[in-house]
Amino acid sequence: MNSTSRHRRLTAAALTALALAGTATACGSGSDGGSNTADSGTYTIWDPYPQFDKSSAWAKLLDSCGTEAGVKVKRTAFDTSDLSNKALLAAQQDNSADVLIVDNPVVSTLAEAGVLTTTDDNKLDTSKVDPNLLAAGQTGGKTYGTPIGANTLALYYNKDVLKKAGVDVASIKDWASLTAALAKVDKAGKKGITFSAIGTEEGSFQFLPWFWGSGAQLTQLDSAEGVSALALWSDWLKKGYAPNSVINNTQTTSWQEFASGDYAFAENGTWQLANAKKAGFDYGVLPIPGAKGGNAAAPTGGEFVTLPVQSDTDRYATSQKLVACLTNTDHLYDTDTTLSYVAPTSEVQAKQVAANAELKPWVDAVKAAKGRTSDDLGTKYPKISEQMWKAVQSALSGSKSPKDALAAAQSAVK
Amino acid sequence: MSATLQKSDHRATLGGPAPTAPRRRPTSQQWAAWAFLTPVTLYLVLFYAYPLYRNLDLSLRHYTVRSFVQGDAPFTGLANYRTVLDDPTFAPALLHTVVFTAVCLVFQYALGLALAVFFNQHFRLSATLRALFLVPWLLPLIVSASTWSWMLNSESGVVNALLSAVGIDPVNWLTSPDWSLASVIIANIWIGVPFNLVVLYSGLQSIPASLHEAAAIDGANAWQRFWRITFPLLRPVSAITLLLGLVYTLKVFDIIWIMTKGGPADSSTTFATWSYQLGFGNLVPAFGPGAAVGNLLVVAALAFGLIYVRVQRKQALS
């Protein structure tokens, strides 16, 4: 290599560095004047409902609320699992949406990150909301948003299968009577129960009603009660009352198994009601029983409407107007009907039941439900949940006993 | 590979002695040369060097959701790497990564080579049949992985239905800790064979037919011709096929994630799925350890790349 080429390369490197510095500044100034501050008449809304397009009732409601507040609304829909990371990244670049609608267990994480304003700051009115639902959005004594709707889990059952097996649904009051019913169904040559025990948040969501129904607490995974809940599931698998495929089932694939008409029971949520009508057999809904009777608390699903922190604090007033419009009694009713959710306020719940009596067991289930991040677990919940679904997977696949699996989970949380 | 070489070359130049040539004004031709060079360098820096640097930086800091947003994560040195090494998942993940990569490579290469030799016979419909073999490669990964997971479903999968038809007990392909790794390996071999087939087939084309004819006249049988002529002459092509296959296989993520999510109980977790699980699989992401695992993968791929360069140089010299 001669010195000329060396010289050349040095110059090239210097030039490149200069060009790079240029682009870097360009990027920097770009993000400072982010899209929402540049145009003060446009408010951005992020939601996890990509299934609704521009012509949907939901999108039209957002537009009309914008008109009411005198601003233009720009809506972006994300996949639920994408939204929390997108919200964190946007906050990092000071480019958050004005209104953010997120899955309820994410709220405490975003609050911990300092991304969300409290209701003290943004003046949202949460007085009408059921306290058990609001709890999912509360951490450290502060409230970070208001639920737009709720859903939860219950047991769907196939009336034909139960009739053939000679099971009376009214007899199912606790775990023992449910297991006895499963045994009868199994004897009649049909399949017992299907659920989702996949190694994601979905698996924890489905296990929680049994875990809480046993009397266990999330702060102590390996308590005797917790072990009894996991033993219930793994015994069902061992005896063939539940299929081995539950270990990889999402709630959707589990529903497909139930829709085949071979299964007596399926643990699933409010959002499957429309599909249940299409299934082509007579079905009923039963709250998930507790270990020794009564109804188990199921975890609440559904999203919260939140207002992310803005550098321009004058924007909160308009954002608050937008949210108030979205969550007023009339609009909540329409929204929750489109989403197939149970409303978060008693007033709208009554209206829903009056219009559709089938929703009654679901409203009851939502009233008994509990937020996953409640009990002030907040950001501890995701860690506990991850260990819990791992323990469920270990026990159901037979690689560990329920007791060892939960003991390992508890020690990993600490 | 060329990217790495070029970069290291650059660094060597910058660190070298100052240019001693008298300063001249660059001619317009030289300016044009720089102008042509800039886009490539810019591209490399923006899309390769910077992300790598960011990943390294992520792995050396203690990130929480709060410090991720505020951007003030404290520098913690190698603490994330220590966390990862001490994690009970580390040993199984390492073992699974090695087994997954080795078994996939061996089978993909062997099957790919066998098929390449087979199709080299130019029989009727061989072109059509060869095209059919490419289908797994053309399908989007999400489609093939989902199809595999349906086929291997314990309850309603077609594979178990076939097994029970011939009187074998059903196997819990995806839900048993003993089988899940084998299942994802089988699916990945199926996906990887076409790539090996295509590259090795084109390698076979470059071997002159006269060599085979001469050997045949000398009395070599088909096996001897393959072992003494085809295989040695295919060595450079084999080396690059195996290296590319290794890099692709090390980072396989979609298939495992869609089929088993790395489970049950970590029984099919590799470094690739573990890194994703740490960084994005939880509501509270652990970016630091996730990036650390990712970097370990990059280092492993780089090490094999260097071995390849060495072997190639030796071959060129001999």
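Start by selecting Asp266(B): this residue is buried, with 22 other C-beta atoms within 10 Å (buried means 20 or more other C-beta atoms within 10 Å of its own, exposed 12 or fewer, partly exposed in between, with C-beta atoms placed from the backbone). The model is predicted, so local features need pLDDT of at least 70 and side-chain atom pairs count only at pLDDT 80 or more, while totals for chains, interfaces and linings use all residues. Residues are numbered from 1 along each chain as its sequence is written, and chains are lettered from A and ligands numbered from 1 in the order in which they are written.

Asp266(B) lies in the loop between H14 and H15 of chain B (helices are DSSP runs of H or I with at least four residues, strands are runs of E with at least two, numbered from the N terminus). Its phi is near 65°, a positive value in a residue other than glycine. Most residues other than glycine have a negative phi.

Next, select Ala265(B), in the loop between helix H14 (254-259) and helix H15 (271-280) of chain B. Ala265(B) is not a glycine, yet has a positive phi of about 55°. It counts as buried because 25 C-beta neighbours lie inside 10 Å.

Now move to chain A and select helix H18 (residues 380-396). Of the 17 residues of H18(A), 14 are buried.

Definitions and conventions: The expected span of a helix is 1.5 Å times one less than its number of residues.
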